[in-house]
Every structure is written in C-alpha cells, then in structure tokens.
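User: I have a model open and want to go through how its parts pack. Can you take my questions as they come?

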Amino acid sequence: MATTAPTPSASHDLSGVTKTLDLLAPRWSVWVLMTLSSQTLRYAEIKPRLPWLADGQLHPRLRHLASAGVVERTEYAPRHVTYGLTSRGAALMPVLATMASWGDTYLEKDLVANKATGEMEPERIPPAQNIDDALALIAPRHATPILWSLQARGSATAKSLAAEAMPGYGLTAVYKPLERLAADGLITANGSGDYQLSASGRALSPVFRAISAWAAAPPAETDARRSRGQGLAPSNRSGPWATTLSRRPAPASPAAPAVRAAGPALTTASPNGPAWKAGDLFSHQIPARPISPAGGPRR
C-alpha cells in the first residue's frame, strides 16, 4: 500500500493535539486543573484538596501549568499567592469533560458490591481518574500519530504506519506501540496483518476533535469567546485526527474533596452534532456520548 503523506493542515492539527497531550499527561496535572476550575485558591487551600501530593509534587505541577499558560500565579505579598485558571485554562474544561466521558464509557471497571443493596455493579470512577487513565493510553509517544494514520486510512500495514506515523524509525520500531495499542483495545489486526481502529478507538474522535479545537484557538479568540460565554468552535480543518499502562491506582479516599470541588467543570455536556464520518473528524460538532460496546480497553 502506498504511503500518503499527511496534508500540512492535518500535520498542524496532529502537532497541536500531541502538544496538548504533553501538557496534560504529567500525572496530577488534571487533578490540579480541576481543583482550580471553580475558584482561585491559595497554595494552603489547594494542598488539603490534594492531600496525597507532597510539596515536591504539587509545586512542580503548578509551575508546569503556569508556564503552559493555563494557570495564573498572582503574588499579592510574599506569603499571599493565589492560583487560578487563565481563560485558556478554563477553555480546557469542556475538553476534559469529553475525555472523562470517553473514559467512563469505554475503560474497564471492576465490579463492586453496592453498599445499600449488596448487588454487584461497576465501580464509580472519579472523572479526573478517567481522564488520567485515558491519557495513559493516548499520550505515550507514537500512540496518537498511529491512531491518526489509521483514522485516515481505515486500515494499514505495519510498514505503512511506520513510514507515516514514525518517520525516521525502522520498521521494527513500530511493532511495540502497535502491540501496546492492541493490548489496550484501541486497535485490532485482521487476518491479513492489517491494522484498524477498534470501536473504542473510533470513539476517540470527539476527544481528539475537542483537543484540536482548543489547540487551534489563539489566546485572543479564547478570551473573546469566554467573555461572550461561548465555547470553542470545532476546527474547520479537513482530514483525520489525529499504552500502556494498566489503570493507574486512584488516590486514597481524600481525593473526594477535589472531585467534588471540580464537579461543575465536568458537567459540560458535549453538544449534539451530525454523525461523524471517516475523514472529517475536525469538521463537525462533537457528537453525543457514544454507546459503550461489550468490554472495553483496559486501564
């Protein structure tokens, strides 16, 4: 199968998506963003909401997010410093909501006994944990470029994927990320050795589209839309979109306050839109939450 080079606009979209994943992927970054989603807080107020994080972990996360322009640090006095989301950070909240929805729908859950009835039911996973676990699948290097290529092609050989998604690497280098994505349930291989997206892999389209729209919006546009109470418009670029960890262990019970504090930020429903078709990932509104297939990717 001949290799088709991605268009410049598609490559730009992919670059924006991967940079955003790099921003969110460091562990606890999402938890910090969600903690700050409803109000500006001093460091001493953030710490009790994320009690499992030592100072040596929380400070670097805050610096990382501030450097990325999604958290604002305001110093009123040497001992009076507050942290809050910038308009750019606030615009990330619907993106996180979309990721949480995908994780809640498609990632596996253990069965636990209902405390009231004793009946076994899927465990309830905090939204931030669903986001972290989704990131663990799609943020590793080469994962998203491979998913992107498969969305563009429908199916592809390992050789084609190595040339398109991992230029500069030898053919053998592509097999490890392919095995990882297959083990995580995002891609499958057919009898002829071609790879394609699984149902849960295809359902990542609203996630990547939301990330692309956020990455493509210049700060000035983000500020203007936020002042008018509008969300970000989906990118109008054409083209496709465009792990592996088992489920990351959730923090101990103190995580609950952070989730409750961030709850309103994750209630943003994805707007209904036309059914997504191959090749037009960036050209439509985010569709409604997809239906979960039997089983799902592991965490």
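User: What covers the buried residues of α10?
Analyst: The cover includes α7 (127-138), α8, α9 (158-165), β6 (187-189) and β7 (195-197). Contact here means heavy atoms within 4.5 Å. Helices (H or I, at least four residues) and strands (E, at least two) are DSSP runs, numbered from the N terminus.

User: And which residues of α10 are buried?
Analyst: In α10, which spans residues 175-183, they are P177, L178, R180 and L181. Buried means under 20% relative accessible area, exposed over 50%, and partly exposed in between, with a 1.4 Å probe and protein chains only. Seen down the axis of α10, these buried residues fall within an arc of 160°, so they line one face of the helix. The arc is taken over the directions from the helix axis to the C-beta atoms.

User: What exposed residues sit on the face turned away?
Analyst: K176 and E179.

User: What follows α10?
Analyst: G185, with a positive phi near 80°.

User: Which residues touch the most other members of the largest nonpolar core?
Analyst: L33, L36, L92, W102, I138, I146 and L147, in a core of 65 residues. Helix α6 (residues 93-106) gives the most to this core, with 7 residues. A nonpolar core is a set of buried Ala, Val, Leu, Ile, Met, Phe, Trp, Tyr and Cys residues joined through side-chain atoms within 4.5 Å.

User: How much of the chain is buried?
Analyst: 46% of the 299 residues. The chain has 14 helices and 7 strands.

User: What does the pLDDT average over the chain?
Analyst: 76, with 69% of the residues at 70 or above. pLDDT is the predictor's confidence in each residue, from 0 to 100.

User: Where is it under 50?
Analyst: Residues 1-8 stay under 50, with 12 contacts beyond four places in sequence. Residues 224-295 are also below 50, and this stretch has 170 contacts beyond near neighbours in sequence. Where pLDDT is low, the predicted coordinates should not be read in detail.

Note on methods. Residues are numbered from 1 along each chain as its sequence is written. Side-chain values use heavy atoms; hydrogens and water are left out.
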